[in-house]
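I opened a new page for this structure.

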Amino acid sequence: YYKGWPKESLVSYYDKERTKIKEIIPIEFGEKEGNYYYFFENGLIAVQGEYHFGNKVGKWVEYHFNTQRRKKIIQYSDDPFDKNKLPYTWREYDTKGKIVYENNAL
């Protein structure tokens, strides 16, 4: 591990000085594995989720710019090898945090 991330992780930056992190793709043993983050240029989280065995799993959350309020939650299968369960939007929120869409497919 390096600075809290698997050593092989792919880190991209907004600036040449590498002070503003844009995205962290966790890589272990050559495969996406662990917590993924995408940041707005101001440093706040834009998207967060998790990879297992190279596949998105569980809930992935998108955030509204500058508020850190949820914008959307996308549900992926909890089993990284289940190719039959397609991801779907579970909830969407307005900028004030009020639910504007909910899928009760659970």
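**Entry: pockets.** I began with the lining of the largest pocket: Tyr2, Lys3, Trp5, Pro6, Lys7, Ser9, Val11, Tyr13, Arg18, Ile21 and Ile24. I noted what a pocket is here: on a 1 Å grid over the protein atoms alone, it is an open set of points where a 1.4 Å probe fits, with protein on both sides within 12 Å along at least five of seven lines. Lining residues have an atom within 4 Å of a point. Two elements, β1 (10-13) and β2 (21-25), each give two or more residues to this lining. I wrote down a volume of about 270 Å³; a volume is the space filled by probe spheres set on the points, which are joined across faces, edges and corners. By class, the lining holds seven nonpolar, one polar and three charged residues. Asp, Glu, Lys and Arg count as charged; Ala, Val, Leu, Ile, Met, Phe, Trp, Tyr, Cys and Pro count as nonpolar; the others, Gly among them, are polar.

I turned to the second largest pocket, with a volume of about 150 Å³. Its lining includes Asn55, Tyr76, Asp79 and Lys83. That lining divides into three nonpolar, two polar and five charged residues.

**Entry: source.** This is a predicted model, where local features need pLDDT of at least 70, side-chain atom pairs count only at pLDDT 80 or more, and totals for chains, interfaces and linings use all residues. Residues are numbered from 1 along each chain as its sequence is written, and side-chain values use heavy atoms, with hydrogens and water left out.

**Entry: charges.** How many salt bridges does a search of the whole structure find? I got one. A salt bridge is a side-chain nitrogen of Lys or Arg within 4 Å of a carboxyl oxygen of Asp or Glu. Glu102 and Arg91 form it, at 2.8 Å from N to O. Glu102 sits in strand β10 (residues 99-102) and Arg91 in strand β9 (residues 88-93), eleven residues apart. Glu102 counts as partly exposed because its relative accessibility is 35%; buried is under 20%, exposed over 50%, partly exposed in between (1.4 Å probe, protein chains only).

Next I checked Asp15, in the loop between β1 and β2. Asp15 is buried but has no salt bridge. Lys20, the nearest side chain of opposite charge, is 6.0 Å away. The backbone nitrogen of Lys20, though, lies 3.0 Å from a polar atom of the Asp15 side chain.

**Entry: fold.** I counted zero helices and ten strands. Both are DSSP runs, numbered from the N terminus: helices are H or I with at least four residues, strands E with at least two. Of the 106 residues, 33% count as buried.

Definitions and conventions: Lys, Arg positive; Asp, Glu negative; His and termini not counted. Polar contact = N/O pair within 3.5 Å; in protein donor to acceptor, adjacent residues only side chain to side chain.
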